[in-house]
Amino acid sequence: MSHPTRSLAGHCETDSEGEGAVAAEMRSPEEPGLAAVAPPLSITKRFIIAAASAINDAACRSDGTVNRRLVSFLDVRSSASAKPVHGVRTVDVPVDTSRDVWFRLFIPCSDSAGLKIPVIVYFHGGGFAFLSPASYLYDHVCRRLCRTVNAIVVSVNYRLAPEHRYPAPYEDGVDVLRFLDRGGLLYADPLAADLADPCRCFLVGDSAGANICHHVARRWAVGAGSGWKRLRLAGMVLIQPYFGGKERTEAEVRLAGAPLVTVERTDWLWRAFLPEGADRDHEASNVFGPRATGELEEALPAALVVVGGFDPLHDWQRRYYEGLKARGKEARLVEYPEAFHAFFAFPDLKQSAMLMEEVRSFIEGHRPSKENTGGC
C-alpha cells in the first residue's frame, strides 16, 4: 500500500505525545531493551503505522471533539466505479439521506452461472469515530473480500461519534438490513439483486465494526421468527472486535506501545461513543460484563472471532468468544499469534491472505438454521 495508507488508523488520545508516541509505535522485538509489543515488520510498515497513529491523534481534541476538517484532508477517498476494477464494480446506494446513512455496493464480475451468491454486510472500523466505506482502506478491503468470497458486499456508512453516540451505529446497521429485507437492492441495482441471496446474509466487521456486528445481529435476532421477510443471517465474522471494560487486562498492560491501539486511545474513543456519564462496563463495550442484561437470543447466528497475538484487545476478544460458547452459541476462534491490530489492511502480509481464506471457508460452510429460514 502506498500513500493512501495515511487513512489506516482511526485511533486517538486526549493529548498527543509527539515524537515519543511515534517511537513507541515503532518498537520491535528485534530492538534491544524493548518489550516485544509488535511482530517483526519492515521499516516502511512501521513508519506508515506510526505516522498514521500520530496524524489521527492530532485530529482528536482534549474537549472530546474531532477535528473533522483535518480528518477529511488525511482520509484518502476512492469513488465508486461502474467500470469494474480488479473484477469488481461498485455503486453508492442511499438509505436515509437525512442521517447520511448509505452503503457502497461491491458486485463481483465473475460468472456465477445463474447461481445466487451470499451477501456480506460489512461494518468498517475506526473506533466509531473515523473512516467510511469510501476510505481507500475499506474500498480496498471490501473489494478483496468481494473477489475472494465471490459475494455481494454491502459496506455500511453509519453515523460517527462523538457527534452521534451510542446507539446510533447500531440503529443505522439495522436500518440497512431493513432496506435489504424490503427489496431495496432491486431498485438500487437490479443486476446485483438478481445475484444476491438474502437467505445467506453475513455480518462482517473489524474493530469497532465487529462490535457493531454483534449488536446489530442481536437486534436482528429479536425478530428473526416473524419480523423479517427476506433477510436471514447465516453468520457473523468479528475481526479483532473492539470490546472493553473498566478492568485493565494483562494484554492491555503488557502490550502498551503496540501498533495503533493503546489504552489511552481506546479510553478516549469509549468516552466519545458511550452515553454521557457511562463507563466502559456499559453493555455496548463489556457485552458479557457486570451490567449485561438478559440471555442471548436463540436466533443469534454462528460467529467466527479473529484475534491477533499483538493486539492489546485480545483478552477482551477471547472473553467474547468464551462468553458465546458458555451461552451455548456456535463460535469459532481463529488466532494469528504474530498479528497486530488491523493487520488485515496489509494484503502482502501472509496472515491477511489467510484471513480472507478463513472468511471464505466460514461463509461457504454456513447457512441459516432451519428455524430461521422462513421462506428461504
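**View 1. Asp189 and its salt bridge to Arg89.** At 8% relative accessibility, Asp189 counts as buried, where buried means under 20% relative accessible area, exposed over 50% and partly exposed in between, with a 1.4 Å probe and protein chains only. The side chain of Asp189 meets that of Arg89 in a salt bridge at 2.9 Å, N to O, the term standing for a side-chain nitrogen of Lys or Arg within 4 Å of a carboxyl oxygen of Asp or Glu. Asp189 lies in the loop between helix H6 (184-188) and helix H7 (190-195) and Arg89 in strand S1 (residues 88-96), so the pair ties together parts that are 100 residues apart in sequence; helices (H or I, at least four residues) and strands (E, at least two) are DSSP runs, numbered from the N terminus.

The model is predicted, with local features needing pLDDT of at least 70 and side-chain atom pairs counting only at pLDDT 80 or more, while totals for chains, interfaces and linings use all residues. Residues are numbered from 1 along each chain as its sequence is written, and side-chain values use heavy atoms, leaving out hydrogens and water.

**View 2. Arg218 and Glu297.** The closest N and O atoms of this salt bridge are 2.9 Å apart. Arg218 is buried because its relative accessibility is 14%, and Glu297 is buried with a relative accessible area of 17%.

View 3. Ile239 belongs to strand S6 (residues 233-239) and, at 5% relative accessibility, counts as buried. Leu355 is 116 residues away from Ile239 in sequence, yet their C-alpha atoms are 9.1 Å apart in space.
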